[in-house]
Structure formats: structure tokens, C-alpha cells
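Welcome! Here is a short tour for anyone meeting this structure for the first time. Please keep the sequence and the 3D view at hand as you read.

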Amino acid sequence: MNVRNALLYDTASASFVPGALRTENGVIAGYEETPDAVDLHGCPVIPGLVDMHTHGRGGFDFASATVEEMKKMKALYAAVGTTTVIPAIASAPFSEMLEAIRRVKAAGFPGVHFEGRYLSPKHRGAHHASLLALPTEEELERIAEAADGIAVHITLAPELEGAPDFIREAVKRGITVGIGHTDAAYDEANEALNAGAVSFTHTYNAMRGLHHREPGTLGAALLSDAYAELIADGFHLHPGAVKLVSKVKKPEKVILITDSMSGTGCPDGTYAIAGNDVVVRGGHAYTTDGAIAGSTLDLFDGLNNYVSFTGTPFAAALPAATVNPARCMGIEDTVGSLAIGKKADFLVLSPDFSRIVAVVTAE
């Protein structure tokens, strides 16, 4: 699809500029008008959204979905504006997690988020305690073999035995590491950052909080130059907590995620994640013992919530749901902006940015 008379989002300047967009063979090929271009009458065009932390939707969970079910999920995500998905694999028996990674690769996803197993029992959230384990270099090697060339991001608690060496070995392999589900003290979190960790998984949630005598994991997240994931659904985090991050962190270090689970886009009911049954009531997901168990958030809604919670202009907030997660995952060469040579994944919005009018994907 080629378009003209559009407001194109320019990532470098975080602004919209009038122009046209030409695509060819599934990639953005230029900015000149073509005879077949669709007149958008000044509507904004933005890059397709990138979610680097989502467990599923439409009744499917990436930890258990078949390759065909994962391909169906791609279309479900794209329909709500998320054209690049990094499936998150929650805690399960290790062999099952490896098989899930192989299916993610076979389904054509550009990367995988291994969010499970190497977590603090104290901050395990919806992850069943029996499924947790210590990180080892042997398991890291098996994760890399299963991924076989796609990007890998691993969440772990840095206070666990062997974690610093695990992080250093991951970095050598080109695997990124996020700090999460952790009771790490401020110094322990910073030791993980020095070892090569690059992000904080769902900042605030499932981590040691801020105290004036021990800044904790959260203090390290706020003061470091690492990426900070945020679930901006107004349920996981108070709007003021989201605003605080927007004031403290550099704009290029904020990443909006959904942490969505299989009940996303489905009626209230009973679902499952990470070895636990999950009940969705009023659009919120809980384990049977009352812990929050992921979200039912669409990333585009999270983006608009972030704008509302923080007062950040839409154009300035957009990188948090596009190029920032792409850079964190190391896939910015192909997605995250409307630059020439990147995948022709883009969204046409209403003039006030509140609605997705059309979704165009390269596939």
C-alpha cells in the first residue's frame, strides 16, 4: 500500500511531517508519490507498534500454543496495531520452555522473551514456585540453541546464585538481559547492570521498592541509564507512578509493554499462565490467590494511557512503543520506524491520534 497526503512520523525528530510513503516488496522504499497512492487527507501515519513483553491473547499462550496458533495470534495482534511481537515465555518445565522457543522461531517471530524460571520466589508474581530455578551457563547454551538466530531477551533476578556470570555469558552470546521478579538490593541491581543487563522488567511490579535508606531495585531502575518497561493500564501502576518514570528517565529509555495474557481480547473467565490458573474479572487478571497475573491491555491503549498519565505529547511518547523496544531487542534495523529499508508495517490514525483507522503489514 502506497499513501500520499499523510502526516508521516519522523522518529529522528519525534515529530510529524507532511509527505507520501512508497512501499515495495514488503519494505519502505521511498517518500515520493505514486499514481496508485491512497489519499489519506492529512491523517497521521506511524510505525507499527512493537511489544517486547506479551504472553498471549485470543485464548492462546505462547508457552503452549502450536505454530499455527502462534500465526493466528500474529493477526490478532496486528489487528490492534501491534505489528511486531516478541513472545514472552512464562515459567514452565525447562524442556517445555525450550520447545516453546523453537515454535516461536518456526512461527516467524523476530525474537523471544524468556521470562520465567530465574526469578525470586519472593517476587514470583503469577509464576508457580515449583517452576523456579537458578540460572546456569548450561541452560543459557540450550536457550541459545533453541532460539537459533532470533533475538533473545531473558528476565532474571540478579541476587540469585550464579546470576552475574550468567549475565556476562549472555552478553557474549548477544543475548540481552532484563532485571525483574527480584528482591535485589540497590547494589545488587547495579552489579547486574555492570555485568551487562540492559533493562528492568515491568518496572515497579514484582521488584523490591524504593526506600530512603536502601534504594532497592526500583531505585536502580530510576537512576540508571537502562531501559524501564512499564505497563500503562492504570491497574498495574498508578498514573502518578508512570508519570514519575517519565520525569526521571530519558525518553529513549522508556518502553511500554502489555504483559498481556491469553485472556486478552476475550470475555471474563478462567485462563492460565506460568503454571497457575488465572481468573479474568472486569478485564483484570488474577491468580486464585489474588496476585496480578498479567494484563488484558492492547499496546495502542497503553500508549494513549501513557500520554494521558504523563502529559507527554503523542509524538514524543511514540518511541516508547516503537523504536525503543526495537533497539532494546536489537531488531531496530528492520522495525520501529518509517525509515527506508524497514518493514512496511504502519498504522493510519485518526487526526486526533485516538483511533487506528487502518493497519498495513509487510506480511
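Thr264 lies in the loop that links β15 (254-257) to β16. The model you are looking at is a predicted one.

- Is Thr264 buried or exposed? Its relative accessibility is 1%, and because buried means under 20%, Thr264 counts as buried.
- Leaving aside residues up to four places away in sequence, Thr264 touches Gly56, Arg57 and Gly58, and also Ser295, Thr296, Leu297 and Asp298.

**Two residues with a positive phi**

- As background, most residues other than glycine have a negative phi.
- Asp259 is found in the loop between β15 and β16, and its phi is positive, near 50°, although the residue is not a glycine.
- With a relative accessible area of 7%, Asp259 is buried.
- Asn5 sits in strand β1, which covers residues 3-10.
- Asn5 is not a glycine either, yet it has a positive phi of about 50°.
- How accessible is Asn5? Its relative accessibility is 38%, so Asn5 counts as partly exposed.

**The open sheet of β16, β17 and β18**

- Three strands form an open sheet in the order β16-β17-β18, and their pairing is antiparallel.
- Which strands stand at the edges? They are β16 (269-273) and β18 (284-287); each has a single partner strand, so one side of each is left without a neighbour in the sheet.
- From one strand to the next, the twist averages 35°.
- β16 and strand β17 (residues 276-281) run antiparallel and are joined by five bridges.
- To find this pairing in the 3D view, look for Ile273, which stands opposite Asn276 in β17.

**Strand β9 and its partners**

- Strand β9 spans residues 82-89 and is mostly covered, with eight of its eight residues buried.
- Strand β6 (residues 49-54) runs parallel to β9, and four bridges join the two.
- In that pairing, Thr54 has Pro87 of β9 opposite it.
- β9 also pairs with strand β10 (residues 111-115), in the parallel sense and over two bridges.
- Which residue in β10 is the bridge partner of Ala88? That partner is His113.
- Together with helix α2 (residues 94-106), β9 and β10 make a β-α-β unit, and this unit is right-handed.

**Helices α4 and α5**

- Helix α4 (residues 163-172) packs with helix α5 (residues 186-195) at an angle of about 25°, and their axes are 8 Å apart.
- Angles under 35 degrees count as roughly parallel, and α4 and α5 are therefore roughly parallel to each other.
- The handedness of the crossing between α4 and α5 is right-handed.
- Which residues meet where α4 and α5 pack? From α4 come Pro164, Ile167, Arg168 and Val171, and from α5 come Glu191, Ala192 and Ala195.

Terms used
Residues numbered from 1 in each chain as written. Predicted model: local features only at pLDDT ≥ 70, side-chain atom pairs only at ≥ 80, totals over all residues. Heavy atoms only, no water. Pairing = 2+ DSSP bridges. Axes fitted to C-alpha atoms, helices over the stretch in contact; angles between N-to-C directions. Buried < 20%, exposed > 50% of the residue type's maximum accessible area, 1.4 Å probe, protein only. Right-handed = clockwise from strand over helix to strand, strands pointing away. Parallel < 35°, antiparallel > 145°, perpendicular 65-115°, else oblique. Left-handed = near helix turned anticlockwise from the far one by under 90°. Contact = heavy atoms within 4.5 Å.
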